[in-house]
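I opened this model to look up a few local features and note them down. The entries follow in the order in which I went through them.

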Amino acid sequence: MAKKKYYVVWEGRETGILESWDQCQKSIKGFSGAEYKSFKTLELAKKAYSESYNDYKGKNIFESELTNTELQKIGKPILNSISVDAACSGSPGTMEYKGVDTDTKEVIFLQGPFENATNNVGEFLALVHALAYMKKNNDLRPIYTDSKTAMTWVLKYKKCNSSLEKTKDNKKTFELIIRAENWLKKNEIVNEVLKWETKAWGEIPADFGRK
């Protein structure tokens with residue numbers, strides 16, 4: 001059974017907090033300039049209705065489904081850190097990766113697009129790129145990734161365990177993989193690599209927002 005949602009209508013035939021999609025549709029269908037959005041809880045809906053539609057327009061309002069006890073056990077992320085992520089349209093497909101300041105989301109590095117690659121390869125390259133960048137700048141802040149695969153490849157295997165086939169289109173990607181693996185062989189990892197807890201904290205700050 002689908003979880004109940006609440007619909008806030010700022011501009012429509014009937015404004016306020018509506019408790020079904022049918023009600024919301026009757027309010028907004030054919031109404032010029034309708035302003036509305038759905039929320040998972042009544043508390044979020046009430047807060048949103050007391051504020052401006054522009055504060056919520058186009059935003060993915062994250063609400064953790066974990067219990068308060070689970071959230072307390074996980075704690076909060078270390079903001080004085082950097083976060084990495086990758087995005088790939090297709091598998092294989094066009095891939096990009098980047099690293100950002102976890103607190104400010106300021107982009108530290110952005111690489112790509114690379115053709116005929118995968119998201120796992122991008123996550124691996126992003127993490128190694130971050131480690132190399134941090135070492136070069138004598139920066140000991142921890143690094144967050146939301147990829148368990150990338151963490152395993154980097155910390156346990158020290159190599160990219162992808163089954164990606166080499167083609168004329170992904171020559172650059174394979175050059176980066178070789179460079180990353182060589183870096184891992186020659187350098188000690190001094191930064192703490194941490195798992196970003198998406199279920200507790202929402203999308204990682206380096207997320208490309210394409211989900």
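Helices (H or I, at least four residues) and strands (E, at least two) are DSSP runs, numbered from the N terminus. This is a predicted model, in which local features need pLDDT of at least 70 and side-chain atom pairs count only at pLDDT 80 or more, while totals for chains, interfaces and linings use all residues. Residues are numbered from 1 along each chain as its sequence is written, and side-chain values use heavy atoms, with hydrogens and water left out.

Entry: helix α1. I looked up which residues of α1 (residues 21-28) are buried, and found C24, S27 and I28. Seen down the axis of α1, these buried residues fall within an arc of 80° (taken from the directions from the helix axis to the C-beta atoms), so they line one face of the helix. An α-helix has 3.6 residues a turn, so residues three or four places apart point the same way. For burial I used relative accessible area: under 20% is buried, over 50% exposed, and in between partly exposed (1.4 Å probe, protein chains only). What do the buried residues of α1 pack against? They pack against β1 (6-11), β2 (16-18) and β3 (35-39). On the face turned away from the buried side I noted the exposed residues D22 and K26. Just after α1, G30 has a positive phi of about 75°.

Entry: D101. I located D101 in strand β5 and read its relative accessibility as 16%, so D101 counts as buried. A polar contact is a pair of N or O atoms within 3.5 Å; within protein, one must be able to donate a hydrogen and the other to accept it, and residues adjacent in sequence count only if both atoms are side-chain atoms. The D101 side chain reaches the backbone nitrogen of D103 at 2.9 Å, and one of its polar atoms lies 3.0 Å from the backbone nitrogen of T104. Leaving out residues up to four places away in sequence, I found D101 touching L79, S81, E106, I108 and R141.

Entry: cis peptide bonds. The bond from S91 to P92 is cis, with omega near 0°; P92 sits in the loop between β4 (82-90) and β5 (93-101). G112 and P113 are also joined by a cis bond, with omega about 10°, and P113 lies in strand β6 (residues 107-117).

Entry: positive phi. N138 is not a glycine, yet its phi is about 55°. N138 counts as exposed because its relative accessibility is 65%. K158, also not a glycine, has phi near 60° and is partly exposed at 32%.

Definitions and conventions
Contact means heavy atoms within 4.5 Å.
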